[in-house]
Amino acid sequence: MNKELTVLTPQSEETFYQYYGNHIMSKFPGLTFNVVSSNNDNLYEDESFFENSHPDLIISYLPTFRDLRDSDRIESMSPYVQDSKNIKIDDYYDQMKEVFSNESGDLMGLSPQVVVSGIFYNKDLFDSVQIDYPTDQMSWEELLSLSNRFADDDRFGFEGGEAAPQHMIMTIIGTNKIRLLDDQKKNLSLLRRIGYR
């Protein structure tokens, strides 16, 4: 089989081959890739790119995937998954299938890995100072504001586990879909957004 697939990925071409491409090619000899790397979301939002390039495989981060899922740029994987002998969709968590499905219930994507994060809190501590518990779907601003109510000499309100501070910042940036650089990659749009001059 000699076939070339066009791949859109936020990663470098080298990273694509390391994590996906080499494995796929070993399973399907003769298959090659035209890898289109996008270091920002511009190509994912570009209608003309999708009309002209017709990527066969799209790799994205979850916020970008949600935009793609809710647009007409990607097609349902449901028929392919149902016909596949290798994909056991029942092995996926229901919540994961829900995230990757559109409103009609069609599966629009799959993830090769899952990174789970969570917020844990000490109910006894909240009760002792009579502060309301955190709630589902709190924004980072609300959560950090709530945690600041605990800060004093003996305790602090929020602890990021083993994550370095920059990892926490990147998590907040990612979940809020904030771009670090402007479209021309010349200015740090994050600093402008938080009022730094």
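1. R69 and D70 join their side chains in a salt bridge, with N to O at 3.1 Å. The model is predicted. R69 is buried, with a relative accessible area of 16%. D70 is exposed, at 56%.

2. R69 also belongs to the buried set of helix α4 (residues 62-69), together with T64, F65 and L68. These residues cover an arc of only 140 degrees around the axis, so they sit on the same side of α4. What do the buried residues of α4 pack against? Their partners are α2 (42-45), α3 (47-53), β3 (57-58) and α6 (94-99).

3. How many salt bridges does a search of the whole structure find? It finds 3. One of them pairs the side chains of R73 and E47, at 2.9 Å from N to O. R73 lies in the loop between α4 and α5 (78-83), and E47 in helix α3, so the pair ties together parts that are 26 residues apart in sequence. R73 is partly exposed, with a relative accessible area of 22%. E47 is partly exposed too, at 45%.

4. D94 forms a salt bridge with K97; the closest N and O atoms are 3.5 Å apart. Both residues lie in helix α6. They are 3 residues apart, about one turn of the helix. D94 is exposed, with a relative accessible area of 56%.

5. Now the strands. β1 (residues 3-9) and β2 (residues 31-37) run parallel and are joined by 7 bridges. K3 has L31 as its bridge partner in β2. Between the two strands, the chain passes through helix α1 (residues 13-27). This β-α-β crossover is right-handed.

Notes: Residues are numbered from 1 along each chain as its sequence is written. This is a predicted model: local features need pLDDT of at least 70, side-chain atom pairs count only at pLDDT 80 or more; totals for chains, interfaces and linings use all residues. Side-chain values use heavy atoms; hydrogens and water are left out. Two strands pair if DSSP finds at least two bridges between them. Helices (H or I, at least four residues) and strands (E, at least two) are DSSP runs, numbered from the N terminus. A crossover is right-handed if, with the strands pointing away from the viewer, the path from the first strand over the helix to the second runs clockwise. Buried means under 20% relative accessible area, exposed over 50%, partly exposed in between (1.4 Å probe, protein chains only). The arc is that of the directions from the helix axis to the C-beta atoms. Contact means heavy atoms within 4.5 Å. A salt bridge is a side-chain nitrogen of Lys or Arg within 4 Å of a carboxyl oxygen of Asp or Glu.
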